[in-house]
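Visitor: I have the sequence and the model open. Could we go through them together?
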Amino acid sequence: MTALELRRAEARTIFESRGLPTRRVEEWKYSDLKSALGEAGLGEDTAYVRLLGRLPEGVEYCDLVNPKPWAAAHFGTLARNAVSEASLAFAEGGLALRVPAGKAIGEPLLLETGGAGHARVLLVLESGASLTLFETTDTAGTRNTGFEIVLEAGAHLAHVRLAQPVETVQVEEIALSLAARARYDGHFASFGGKLARAELIIALEGEGAEAHLSGVSVLGGTAHADVTTHVIHRKGNTRSTQLFKHVAGGKAHAVYQGKVTVAKGADGADSRQTAKALLLSETAEADLKPELEIFADDVKCAHGAAVGDLDPDSLFYLRARGIPESHARAILMYAFLEDALEPVANEDLRGAVRTGVQAALRSLL
Amino acid sequence: MLEIKNLHVSVGDKPILKGLTLSIAPGQVHAIMGPNGSGKSTLSYVLAGRAGYDITDGSILYNGEDLAAMAPEARAAKGVFLAMQYPVEIPGVTTMTFLKAALNSQRRARGESDLDAVNVLKLVRARAKTLNVSEDMLKRALNVGFSGGEKKRLEILQMAIFEPKLAILDETDSGLDIDALKLVADGVNALRAPTRAMLVITHYQRLLDYIVPDRIHVLVAGRIVAEGGKELALELEAKGYDKFVKEPA
C-alpha cells in the first residue's frame, strides 16, 4: 500500500469507529446531521470536483488517485474530524491544485463541486503566491466535501464560496494551515438546504498570519444553513476577523458557531467576531454562538452576536417615500447584509454573490 | 385638498388628538403651532400613515378620498409627503439608490414609466445644487453620519424631487442654526405653487419668519384652540402658549 492508501484506510477506520456526529458533539450542536441524512447516511459514492472555464495560466493540478509529490505531501494532513475523514476514505480521486512560489494569478480560478457522494480538494499556495478562488456547488445530491488549503509563507488566497440553494444535505469541511504572514480572505454565501454547512478549521501557524472571514445566508422555507468556524492562533501577532450575517424567514434555521482559540505564546494576537441575524418570522430561528478560548497574554479579542427584526421606523420611512412594503423590506434586508458582502474584493465575484443574495431575498418576500 | 373633520387619534389606549378639524386648499400654506405634547407629530404621522396611530373617530379626506384607508406608499404616490422631524439612518443603502427607488416607485404607482439612472441623476443633481446637497452626500448611506442640517436639507431635496401635492413639514426647523434654517426655508418657498398645499408644523415662530403661512392653527391638547393669520405667530412668540393652555377655546 502507498502512503496515500494507508491514510485512506486509516480514515475509514476512524470514520467507522466514530460514526456520524450527533448533536452531542459540540461542533454539531445546532445541526442534526444524522437525522437529516436518515437511513442512507453519507454513503460511499464519489462526487465530482471540476474546473469551470479554463485553468488560469500558472496554476498546476493533478488528481488525487496518482498525486504528484507536492500533493501527496499534504493530502489528508489537515483534516481530523469524522465527517472529513469520511470524505478522505470514500472519495475516489479528487483534485489537487498548486500555485508555485511567488506566482500571482490574476484570473480567478472557478471550481464546482457536484453530484452525490464524497469529494476532496487540495490547494497549495507556495510561498508568496496569490490566487482568487471562486467555489460554487451544484444543486443535486447529498454531498460531503473535504477541502484542504495550505498557504505557505506570505501566500494570499481570496476564496469566495457561493453555495446554491439545495433540497439535500451538503456539508463541506475546509481545513487551512497558514504559515508566517500568509493571508486568507474567505467569504461564504449560503442559501441553505435540508442541511447546508460550511465548517472552517483555520490554523494560523506562523507569525503574522491573518484570516478574514465574512459571509451571508438568506434562508426561507425550512432551509437550514450552518457556518461553523474554529480559528486557532498558534503564533504571535496573528489576526483574525469574522463578520457573518443571516436573514431567515419561514421556518428556516441559521447557525453560526465560531470558536477562536489563542494558544499559549501567541502574544499580540488580535481577533474579532461578529454574527448577526435578522428573523423575518416567529418560526424562523437563529443560533449564534461566538466563543473564545485564550491561553496567551496581551491579546485583543472581541466578539458579539445579535438577533433582531427589521426596524419599523426604517420601514415606515421608505414606505412614506412611496416604496411598496415588500420592496422596502427587500431594501432593508439587503442593507443589513451589505457590510458582510463588502469584503469580497473581486468585483465580478462580489457581483455574483449579490445577484444570488438578491434572488434569494426576492423569494423570501 | 385636505379636509380633516373631528379627528380623534389614540396611541395605544391614550387619546392624543381629540376632535381636530382643519382644511387646506391648494396653493395655501398653513402652520400648526403648539407646545410639546399637543399632538403635532401625531397629526403628521397619521397623515403619512405610520402604524400604531388609531383613528377612533372623524375623517381625513384628501382630494375627496379617504386618506386613512391608504397604505403609506399609496399616499406618497398620490402626492402626500412628510418631511420628518427625525429622518431615519439606513446603513447599506446609498442616498442616490434610495432616491431612485422612491421616485420610480411613485411613478410606477401612478402608471408612469421608470426614469433611467441617467435621468434620475440629472433630476437629483439639478435640485441638489440649489439646496447645497453635495455629491458626497448622495453617495453616502442614507442619512448615516449626516448632520442635523444635512438631514433636513435632504428631506427638502426629496420634496423638490417628488413634487408632492400636499407637503407636511414636521418640525423642520428643529436642530438648525439660522443659516441652515434660511437655506431650508428658501428651498420650501421655491416649492410654493398654486397646485400645492403645505402644512408646516412647528413649536416656534422662528421658522414662520421665513416660511410665511397663509393661516395659523394653534394646537393644544389635541384640539385646535385658536386660528388666525400670520400675526398670530408673533402673539404666540410674545405671550407663549399659556393663555391657550389655561383657557381652551
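Visitor: Is the crossing of H1(A) and H4(A) left-handed or right-handed?
Guide: The crossing of H1(A) and H4(A) is left-handed, meaning that the near helix is turned anticlockwise from the far one by less than a right angle. This is a predicted model, in which local features need pLDDT of at least 70, side-chain atom pairs count only at pLDDT 80 or more, and totals for chains, interfaces and linings use all residues. Residues are numbered from 1 along each chain as its sequence is written, with chains lettered from A and ligands numbered from 1 in the order in which they are written.
Visitor: At what angle do H1(A) and H4(A) pack?
Guide: Helix H1 (residues 3-18) of chain A packs against H4(A) at about 140 degrees, the axes being 8 Å apart. The two helices are therefore oblique to each other.
Visitor: Which residues of H1(A) and H4(A) make the contact?
Guide: Among them are A:Ile14 and A:Phe15 of H1(A), and A:Glu85 and A:Leu88 of H4(A).
Visitor: Changing topic, in what order do the 9 strands of the open sheet in chain A run?
Guide: The order is E2-E3-E5-E7-E9-E11-E13-E15-E17, with mixed pairing. Strand E2 (60-63) and strand E17 (285-294) of chain A each have a single partner strand, so one side of each lacks a neighbour in the sheet.
Visitor: In which sense do E9 and E11 of chain A pair?
Guide: Strand E9 (residues 169-178) and strand E11 (residues 195-204) of chain A are paired in the parallel sense over 10 bridges. Here A:Leu178 stands opposite A:Leu204.
Visitor: And what ipTM does the predictor give the complex?
Guide: The ipTM is 0.95, and the pTM is 0.86.

Note on methods:
Two strands pair if DSSP finds at least two bridges between them. Helices (H or I, at least four residues) and strands (E, at least two) are DSSP runs, numbered from the N terminus. Axes are lines fitted to C-alpha atoms, for helices over the stretch in contact, and angles run from 0 to 180 degrees between N-to-C directions. Angles under 35 degrees count as roughly parallel, over 145 as roughly antiparallel, 65 to 115 as roughly perpendicular and the rest as oblique. Two residues are in contact if their C-beta atoms, placed from the backbone, lie within 7 Å.
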